[in-house]
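Below is a short briefing on the model shown here.

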Amino acid sequence: MTEATTDGQPLPYPFGDGRQIDLEQRYAELRDTPGLVKVQLPYGRDCWLATRYEDARTVLGDPRFSRAAAVGPDVPRPNPEQPGDGGILMLDPPEHTRIRGVASRAFTARRVEEMRERTRALVERLVDEMVGHGAPADLVAHVALPLPVLVICEMLGVPFADRDDFQRWSSAFLSTTLLPPETVVEYGGALRDYMSELVEQRRAEPADDLISAMLRASDEQGRITRDELVTLAIGILVAGHETTATQLPNFVYVLDRERDQWDLLRERPDLVPRAVEELVRWVPLGVSSAFPRYAKEDVEVGGVLVRAGEPVLAAIGSANRDERVFPDADRVDVLRESNPHIGFGHGPHHCLGAQLARMELQEGLRALVTRLPDLRVAVADDELDWKSGMFVRGFRELPVTW
Amino acid sequence: MSGQRWSVEVDREACIGSGMCAGSAPAFFELVDGRSRPLRAEVDADDEVLGVAESCPVEAILVRDVATGAQLAPEE
């Protein structure tokens, strides 16, 4: 039983501001240090940090850890607001299973596969429009953002025309320090009002969309309450676009830097699905590990006894670079065969939209390598426009040429 | 559902090891070498089993009514 901190003081966390694609160097040192490390986030109490693959998976997947216990002013977090009604990410089984199950059938591999052809046509059109605009063009605005927004709008039944409003309000759920607390409250309320109204509309006039399907589960089967439904729909809308919209430009940036890997995909677009897995593994999307798990009883993790009631964060980006599981882990290798990454999480909270995100990223990347084989990032590294004060790392804009 | 017996199978080829079932219903599923496996092939009918079977992202969990053979999950 050892602690990785030499002087017993928690390390200030996160280890960087996320304005870089490379994982902060500190994680590599911690992975090779026995035990867990104690860190101190900007808000809340100190917290254990699990940086190795096995330890991170234990924290995320072992039922002795709870998300529901992560409430109150002491919860370790990068943002000043106390965790509020975060929906399914703040629930434990069996409540979690009950509510998530209302939506999960819409996100299975089988259902997502049925959406692939339409998504492919959609990406082709977006790429055409970007080419029509002429180089250089912003990959985020032209392709990476409209792609998942259009898909999730159609799936949920949210009007695409409302995107400016709901994208602005969504930032309330994505901000760490970007927005002042009163704006977070204001936007969160606005999005809730918007979604409540949409749900009422669908109740009066059902359509062939996920909101209507969830309403049937609510009204006919009594599986969830109206409030739970609205929260779930908001979660799907927000999580359903920001991550894919951020990751696709990240992938293009990394492949531009590792040009031999891009060239390999140009020659062999059949490698795109494998490349997506590799890039989900390699790109540390989160600026800071988030959503601590609380031990419900004493649990040994990585040689440390985590006491009942203590919070632990799983460093997913670090776990995905663990040499014990991924040989040559810091290298981007689109040919990598065994790739049990936890980029979509692990355990009960494994990303609900993982299969959808995979499909969108595959179709997005496939369209770019086949249609624009000479695609390059159009600005130097010191001119990159990084997101700031948000949970995810990536670009606000990414100018590209082809 | 009382008295019903269900059979539970996991397609280990399809399983992606998300840990959804083992983490949500540890009384029924466990991860072995990164893939899920039912702890028992036959169980008393239980909503928890159906819930996680419906939540499996790749529909790798097959639940049947033992008496009738009817497929309860995944939805056909």
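**Sheets of chain A**

β5(A) pairs with strand β13 (residues 399–401) of chain A in the antiparallel sense over two bridges; strands count as paired if DSSP finds at least two bridges between them. This is a predicted model, in which local features need pLDDT of at least 70, side-chain atom pairs count only at pLDDT 80 or more, and totals for chains, interfaces and linings use all residues. Residues are numbered from 1 along each chain as its sequence is written, while chains are lettered from A and ligands numbered from 1 in the order in which they are written. Helices (H or I, at least four residues) and strands (E, at least two) are DSSP runs, numbered from the N terminus.

*Three-stranded sheet*

- In this pairing, D138(A) stands opposite P399(A) of β13(A).
- The open sheet has three strands in the order β5-β13-β10 (chain A), with antiparallel pairing.
- The edges are held by β5 (137–138) and β10 (376–377) of chain A; each has a single partner strand, so one side of each is left without a neighbour in the sheet.

*Six-stranded sheet*

- Another open sheet of chain A has six strands in the order β1-β2-β3-β9-β6-β4, and its pairing is mixed.
- Its edge strands, β1 (11–12) and β4 (65–66) of chain A, each pair on one side only.
- β1(A) runs parallel to its partner, strand β2 (residues 37–40) of chain A, and the two pair over two bridges.
- Within that pair, L11(A) is opposite V39(A) of β2(A).
- Helix α2(A) packs on this sheet and touches β3 (46–50), β4, β6 (293–295) and β9 (311–314) of chain A. Contact between residues requires C-beta atoms, placed from the backbone, within 7 Å.
- The direction of α2(A) makes about 125° with that of β9(A). Axes are lines fitted to C-alpha atoms, for helices over the stretch in contact, and angles run from 0 to 180 degrees between N-to-C directions.

**D55 of chain A**

- D55(A) lies in helix α2 (residues 53–61) of chain A.
- D55(A) is buried, with 25 other C-beta atoms within 10 Å. The cut-offs are 20 or more such atoms within 10 Å for buried, 12 or fewer for exposed, and partly exposed in between, with C-beta atoms placed from the backbone.
- Apart from its neighbours within four places in sequence, D55(A) is in contact with L36(A), A50(A), V301(A) and G302(A).
- Its C-alpha atom is separated by 9.7 Å from that of G35(A), 20 residues apart along the chain.

**Helix packing in chain A**

- Helices α9 (residues 181–204) and α10 (residues 210–219) of chain A have axes that come within 9 Å and cross at roughly 75°.
- α9(A) and α10(A) are therefore roughly perpendicular to each other. Angles of 65 to 115 degrees count as roughly perpendicular, under 35 as roughly parallel, over 145 as roughly antiparallel, and the rest as oblique.
- L198(A), V199(A), R202(A) and R203(A) of α9(A) make the contact with I211(A), S212(A) and L215(A) of α10(A).
- Helices α8 (residues 163–174) and α11 (residues 226–257) of chain A have axes that come within 10 Å and cross at roughly 90°.
- In α8(A), F166(A), S170(A), F173(A) and L174(A) meet L237(A), V238(A) and E242(A) of α11(A).

**Chain B**

- Chain B has two helices and six strands, in the order β-α-β-β-β-α-β-β from the N terminus on.
- Of its 76 residues, 39% count as buried.
- The C-alpha atoms of chain B fill a box of roughly 30 × 25 × 15 Å along the principal axes.
- β2(B) and strand β3 (residues 35–38) of chain B pair in the antiparallel sense over four bridges, and F29(B) stands opposite P38(B) in β3(B).
- Two residues lie between the strands of this hairpin, and D33(B) takes a positive phi near 50°.

**Interface**

- Contacts between the chains involve 19 residues of chain B and 22 residues of chain A.
- On the chain B side, the elements giving two or more residues are α1 (20–24) and α2 (47–55) of chain B.
- α2(B) gives the most to that side, with five residues.

Conventions: Contact = placed C-beta atoms within 7 Å.
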